[in-house]
Amino acid sequence: MTGKPNSAASGQQPKKAVFISYSKEDVKWKDRLRRFLKPLDIWNETKVWADDCIDAGADWFEAIKMAINDSAVAILLVTTDFLGTEFIAKEEIPDLLRLRSERGMWVIPVLISHCPWESVRWLKRMNIVPEKATPLYTMDEPDQDAFLSQLANDIDKFLEAWEEPEEPVEAAATTVAPAPTTTIDFSHLPETSATLFGRDAQLDGLDADWESADTRIVAFVAQGGEGKSALVKRWLHDMEADGWRDAERVFGWSFYSQGARDQGATAEMFFDTALRFFGDPDPTQGSAWDKGERLARLVAANRTLLVLDGMEPLQSLHDFERGRLRDPGLQALLRGLVRESAGLCIISTREPIPDLDGRDGYRPVDLSTITPQDGRALLRSLRVVGHDAELEALATEFGPHALSVTLLGTWLYEQPGHAASAVNKLAAGPDPLARVLAGFEELLGEGPALDLLRTQGLFDRPAPDTQVAAALDVESLDAAAVERLRDLRLLAPHRRCAPHILEAHPLIREHYNNELRHRFPDLFRDAHRRIYEHLRERTKEGEKPTLEDLQPLYQAVAHGCHAGLQEEACAKVYRDRILRGTGHGGFYSTKQLGAFGSDLGAVACFFETPWSRVSSALIEAARSWILMVAAFDLRALGRLTEALEPMRVSGEMDLKAKKWGEAARSYSNLSQLELTLGQVAGAVDDAAQSVTYADRSGDTIMRMITRATRADALQQAGKRDEAEACFRKAEQIQAELQPDYPLLYSLRGFLCCDQLMTETERAAWQKTLRSEGGGQRPELTEQCREVEQRATQTLKWSTGKLGPLDEALDHLTLGRAALYRAILGGPAIRNPESEIETAVDGLRRAAAVEFLVRGLLTRAWLRFLDSDPAGSARDLDEAWEIADRGPMKLFMVDIHLYRARLFGKVKEYPWDSPQADLDEAARLIEETGYHRRDEELADAREAAKNWY
């Protein structure tokens, strides 16, 4: 080829460029390569670029990024130091592999010396040179020159023919066309080490999962420090290098909270962010369950890659339900995705996920710890000097967790000679991580770096540098100290998307949290106080804050409680700024944002023992109030069993203080909750107690409310006459209290109408079971008409004045009455389908999951009669998922009965069998005392004689 002089001297910019990526320890090899590329620079308008081309005072980071983008060829000088350089792994390689895929950049890995390059999956899949992966330094000098000369010639030929394509071109056999429409956000995932050993089988498994339509959720289960997050992050980088392999959406989120479990952990910020990312028009709408279902539909509709990291804070620790998801939104999301999805959801957690066990589409992976051989390779990559047996012994002693072995290797490299034998300097002890961290403390010595490391124990998540500075009581952080901790892998590397965030591994945070609490309690409290004051004073949430706007205030509550400022944090931050008060227009976070999970997280900070013992630093009135708020939030989240204890403790505190009105309210709420859980006898007893306390208080409203509560408990126990008498007395008090509104309305009105239609409901089922005949019963259709009149009146009262739940309950009553009337052959007054659909939609908006079950059951009945058995079965399945997670045992009885009565004659029964459903209904009726359904069960069993 005939060349011509470089036109750069005349002020023209070279058209083509070669980028050299290398470690600073390999500068001699970079210089030698440049000698062979220099003729291309002089004669052929080719710019050869390495970081020594950066002018003094220039923005080096931006200069490197621009050079990568302007290049057509990239040469990688592969050594152990190259593979161990975080900047190369995190910043240079992703861009180079992306350009290789998108526009045909030629990426040439040149093996300079022996190193674990085959453990790097993207590199293993490429054509590494020299031939047969012979390290360059093992060759004789003439052979080295011959190789470098031929490399320069090959590059020249490539550049001569290369033009930046408008469409992606294939630069190598392994190039995969990109997915240009991919929308990506995994900035919410933790930073992890670039080094990963012994996980090829798991990485290959993820490749297979992505290509398979049979796997929709895969979960890596292992204890902390075993490399779950690093494994997933490495696979994500491989996916990125391959152009995302037809993924349309990529979204990741980490739920880590101090590397430990947190009774107040919540998924609300995840749902708020994820719903916006996937295009939901109103992320604040509906209950947590509704949000989970909506997100599942949005995720499943596209070729989506969803990563949920560190999910264990949202799983139960109780032995009887170990690992069960405590967040209803996550339950709905995962149950939806495991049923149907065009993509893949990857989970990492410390706990198994029994919610998904045995479901088609779910693949759990018990992520075994690294082997001594993998640990040896890891230590060698960290440049520790020692024999194989010596390194494997260290990996055994400090393993099997990758975190401890990685930090050990980093510490050993800091010792003179980098020898494995230096481990003898570390103090003995049972905890490998604690031993290594003690070694780092001695290495750092007292000063800014050690102070900065210890402050990581004050935070339950990656922390902004301003908060860390506030904890240390300094204007700004010592930049050299930050970089020193990053070099030592005690802090995660710098992140472009979050340059001011400091991130330590959750286990490191957990270690220093314990250290500060027990060894430096005064320092612990003072530092938390400074963070609390910083967040309280700097946060400007505005008039209508979003959930994200309130996050600093939620954090302020936690830091304030750690500082011993519970009373101030409760009143001035939680009550006044998060709830915006407790009167009319108050409870902003829950009523306006539906943030029950975040609210519970804040409330949890005021407990010494969740959910029974509140901090003694709060005054007694505040303790009782916090217990009730906790119970309310737990109930709203479907965590009904957990809500029992704070509700009962609050009532006992009210009794002790002889606050009869508050005690009446507490025991009335307790009775309602016990009824939902299927504890009918307890519900009847506590409802009777609530009536007694209401009468002592003289509070007319509570006298009415408690009698309605008692009436409902008696109704479910099968004591209809007593229930009817209680409802009559409650309505009499209501008429005296509000003469213009003489009927029970709102929830009490709904329960009263439910009791009035008991006989009508049974007759409608008898007619449904017989399918034909039976004659009309005018007295029952007249009863439907009377109930419709009541509900029409109370709906007028409630519309626009009470709330969506009250209106939805009235529509449900109207729909049920119209359905029963239609079944029994009475004249139609209202359209049952319209009323029931309106009710279900309203109950969803009101996030009233307990009542949503009633709406779904009624709609299932209607849909079956309207020849839509598939829709009916879907409603019954959704109702079961809500009831099962409570557990709401009375509703579970109803669902078993509905299944059998509606589908008993269907040839392909959607569940086990009609007989199994009837048997389980009978068992639960006896267990719970739900004798309201005795007669309906008997009717169904009689009808079942003709089903088999």
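His 511 is buried, with a relative accessible area of 16%, where buried stands for under 20% relative accessible area, exposed for over 50% and partly exposed for anything in between, taken with a 1.4 Å probe on protein chains only. The residue belongs to helix α19 (residues 506–519); helices (H or I, at least four residues) and strands (E, at least two) are DSSP runs numbered from the N terminus. Once its neighbours within four places in sequence are set aside, His 511 is in contact with Ala 434, Leu 437 and Glu 441, contact being heavy atoms within 4.5 Å.

The model is predicted, and local features need pLDDT of at least 70 while side-chain atom pairs count only at pLDDT 80 or more, although totals for chains, interfaces and linings use all residues. Residues are numbered from 1 along each chain as its sequence is written, and side-chain values use heavy atoms, with hydrogens and water left out.

The pairing can be followed strand by strand. Between β1 and β2 there are 4 bridges in the parallel sense, with Lys 16 opposite Thr 46 in β2. Strand β1 (residues 16–21) also pairs with β3 in the parallel sense, over 4 bridges, and here Val 18 has Val 73 of β3 as its bridge partner. On to strand β4 (residues 106–111), β3 is joined by 6 bridges, again in a parallel arrangement; Val 73 has Trp 106 as its bridge partner in β4, while Leu 77 stands opposite Val 110.

How much of strand β3 (residues 73–78) is buried? The strand is mostly covered, with 6 of its 6 residues buried. In a regular strand the side chains alternate between the two faces of the sheet.

Another open sheet has 6 strands in the order β5-β7-β8-β9-β6-β10, with parallel pairing. Its edge strands are β5 (183–188) and β10 (362–366), each of which pairs on one side only, and neighbouring strands are turned by 10° against each other on average, direction ignored. Within this sheet, strand β7 (residues 249–254) and strand β8 (residues 304–309) pair in the parallel sense over 6 bridges, and Ser 254 stands opposite Asp 309 in β8. Helix α7 (residues 200–211) packs on the sheet, touching β6 (217–221), β8, β9 (344–349) and β10, and its direction makes about 165° with that of β6. Helix α11 (residues 328–339) also packs on the sheet, where it touches β6, β8, β9 and β10, its direction making about 140° with that of β8.

Most residues other than glycine have a negative phi, and most peptide bonds are trans. The peptide bond from Val 129 to Pro 130 is cis, with omega near 5°, and Pro 130 is found in the loop between α5 (121–124) and α6. Lys 132, in the loop between α5 and α6, has a positive phi of about 60° although it is not a glycine, and this residue is exposed, with a relative accessible area of 76%. Ser 746, found in helix α31 (residues 746–756), likewise has a positive phi of about 60° without being a glycine, but Ser 746 is buried, with a relative accessible area of 16%.

Methods
Two strands pair if DSSP finds at least two bridges between them. Axes are lines fitted to C-alpha atoms, for helices over the stretch in contact, and angles run from 0 to 180 degrees between N-to-C directions.
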